[in-house]
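Good morning, colleagues. Please turn to the sequence and the structure on the screen, and I shall then speak about charged side chains.

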Amino acid sequence: MDRSEFDATPRDAGTETPETGTQQRGDRTRTRILDAAIRVLVDRGYAGASTLAIQAEAGVSRGRLLHHYPSRDKLLMAAVDHLARTRIEAMPAQIDWPADPALRIGPAIDLGWTTFHQPYFVASMELWTAARTNTVLRDALLPTEHRLGPTVRQAVAGFLGPELTSRPRYPELYPLLLSSMRGVAATYLIDPRDPTTDPHLDLWKAMTATYLL
């Protein structure tokens, strides 16, 4: 992955004023820490994502990092949540969607599939795996995942459009697609390959057409 993919927001925040300068610097510092946390979590895994490693990657002082995020696990969860929301919410605007609902299915499935090959998915898998045997992490992670759920659901609805998502069988299709894509994407973590050639893409498109058309 290109390391620029880890950054949720541009570094250049524009011209500061005395009224907004402090807030902008604080926001930039938080974003810098969150971006660094994702990079370290993806590159080194959960066990290697220490606060010291994240501090060094972010280039901030120990005190500044702990001021914003005193807990390592809360920092890691905040980083995944921040990057996922930023990237997913921006996605529907990236395509010139066709007016014909039937023609939206192909690009919608293609775009949805790309979300499972972003750094936040890899980072999420690291946290999920660690949470299996870490009850404290699991108890903290579940509310974060529940909060992110509506963002993902809204994004998928934006991909397909209101005419398709209002069809009676869409509530059945949505969790089936999500679970299937997540499961297939997990195999890419140990067997990297070109996701645009995955044979499941045609299956997901045909299944979506069957359910919604």
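Predicted model: local features only at pLDDT ≥ 70, side-chain atom pairs only at ≥ 80, totals over all residues.

R169 is partly exposed, with a relative accessible area of 36%; the term partly exposed covers what lies between buried, under 20% relative accessible area, and exposed, over 50%, as computed with a 1.4 Å probe on protein chains only. The side chain of R169 meets that of E172 in a salt bridge, at 3.4 Å from N to O. By salt bridge I mean a side-chain nitrogen of Lys or Arg within 4 Å of a carboxyl oxygen of Asp or Glu. E172 is likewise partly exposed, at 43% relative accessibility.

Residues are numbered from 1 along each chain as its sequence is written, and side-chain values use heavy atoms, with hydrogens and water left out.

How many salt bridges does the structure hold? There are 8. Among them is the pair D110 and K205, whose side chains meet at 3.0 Å, N to O. D110 lies in helix α5 (residues 101-114) and K205 in helix α10 (residues 200-212), so this pair ties together parts that are 95 residues apart in sequence. Helices here are DSSP runs of H or I, at least four residues long, numbered from the N terminus. D110 is partly exposed at 33% relative accessibility, and K205 is partly exposed at 22%.

Finally, R193 forms a salt bridge with D191, their closest N and O atoms being 3.3 Å apart. R193 has a relative accessible area of 36%, and D191 one of 42%.

Technical notes:
Helix = DSSP H or I, 4+ residues; strand = E, 2+ residues; numbered from the N terminus.
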